[in-house]
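Biologist: I would like to learn how to read a model like this one. Please show me the structure, and we can go through it feature by feature.

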Amino acid sequence: MSYPANVKFEGDYLKLNRKIGKVYCRSHRDFEGTIKTVTISKNSDGKYYASVTVDDGLEKPETSTEGAECTAACDSDFKSESVGGKAIGIDLGLTDFAVTSDGSKFDNPRHLAKHQQNLKRKQQKLSRKQKGSNTRDKARRLVAKVHSKISRCREDFLHKLSRKIVNEKQVIAVENLNVKGMVKNHKLAKAISDCGWGMFCTMVKYKAENEGKTYIEVDRFFPSSKTCHVCLNQVESLPLDIRNWTCEHCQTTHDRDINASINIRNEALRIISLGTSETANGGNVRRLGGKISCLLDATPNEIGSPNYIACN
Ligand SMILES: [Zn+2]
């Protein structure tokens, strides 16, 4: 339900309209500006949420790639690891949620697995209740509460990680993943939906855009895993259980995911240096921001790697 502008906050209370009056609420943050709309929604666990749209009167900043452009344009520097300090490439996976071109690895928190037992117990209880009974309704709410807890934990994790990355970098590059296509693989669907790559990319994108930073998706057919980021030599095959490999051309030993994320970063810098970040990949960069289509060759296999299965 949406309420227009005559909604007011008075201390810990939200004043909706004359009929409803004041409602106690816990707010997550203070905000400045004029309230445009307030939307009240009810979760399946019976909790009410108010989301507030505010006009802060500020213009959306111009997107800039400052700090990344100059390094990318110089081709010899472009390949070295010391450049692109303001740019970051992110490789998303299931074992590690994210691996960055700086060499950081962020564990997949596996929210669902953590709450799995609790959820299972409550779902079993629910299934034993008689249809239409009050106790069934109560049990249903308890199940919904666990689901709601899981998604709030997930969102919290994704918000914090995306905020950290956007704060530190000017250009953020990810591989555009085909989450929908991958979720069709039933064995992995749960794990993939649980980790929330799509939500993560959306968060990075809007946080970056709000600060005039650049969010860029690299084409999913770009061979980020199989290319040596030092000499650009491409190996023909890189079995999925191989986490480290040595380039036979330049003898550099790579961590599979870090090498991939460096390639993602470099590819993004290359696109930017062409000055065609919007038209590179046939104009896909922007458009793919929200939408994710079709299957990519590297990641689904990655998911099916023994490494991944062992962790579950
Ligand atoms: Zn090499």
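Biologist: Does Glu267 count as buried or exposed?

Modeller: First, the ground rules. This is a predicted model, where local features need pLDDT of at least 70, side-chain atom pairs count only at pLDDT 80 or more, and totals for chains, interfaces and linings use all residues. Residues are numbered from 1 along each chain as its sequence is written, and side-chain values use heavy atoms, with hydrogens and water left out. Now the term: buried means under 20% relative accessible area, exposed over 50%, and partly exposed in between (1.4 Å probe, protein chains only). Glu267 has 12% relative accessibility, so it is buried.

Biologist: Where is Glu267 found, and which residues does Glu267 touch?

Modeller: Contact means heavy atoms within 4.5 Å. Helices (H or I, at least four residues) and strands (E, at least two) are DSSP runs, numbered from the N terminus. Glu267 sits in helix 8. Leaving out residues up to four places away in sequence, Glu267 touches Val218 and Phe222.

Biologist: Which strands does helix 8 lie across?

Modeller: Angles run from 0 to 180 degrees between N-to-C directions, and axes are lines fitted to C-alpha atoms, for helices over the stretch in contact. Helix 8 (residues 256-273) lies across strands 7, 8, 9, 10 and 11. Helix 8 runs at about 130° to strand 7.

Biologist: What is the order of the strands in the open sheet?

Modeller: Strands of a sheet pair through backbone hydrogen bonds, either parallel or antiparallel. Two strands pair if DSSP finds at least two bridges between them. Here the open sheet has five strands in the order 9-8-7-10-11, with mixed pairing. Its edge strands, strand 9 (105-107) and strand 11 (214-218), each pair on one side only. The twist averages 20° from one strand to the next.

Biologist: How many bridges join strand 7 to strand 10?

Modeller: Four, and strand 7 (residues 87-92) and strand 10 (residues 171-175) run parallel. Ile88 stands opposite Ile172 in strand 10. Helix 4 packs on the sheet too, touching strands 7, 8, 9 and 10.

Biologist: At what angle do helix 3 and helix 4 pack?

Modeller: Under 35 degrees counts as roughly parallel, over 145 as roughly antiparallel, 65 to 115 as roughly perpendicular, and the rest as oblique. Helix 3 (residues 111-128) and helix 4 (residues 134-168) pack at about 170°, with axes 9 Å apart. Therefore helix 3 is roughly antiparallel to helix 4.

Biologist: How many disulfides does a search of the whole structure find?

Modeller: A disulfide is a pair of cysteine sulfur atoms within 2.5 Å. The search finds zero. Cys228 is buried, at 0% relative accessible area, whereas Cys250 is partly exposed at 26%.
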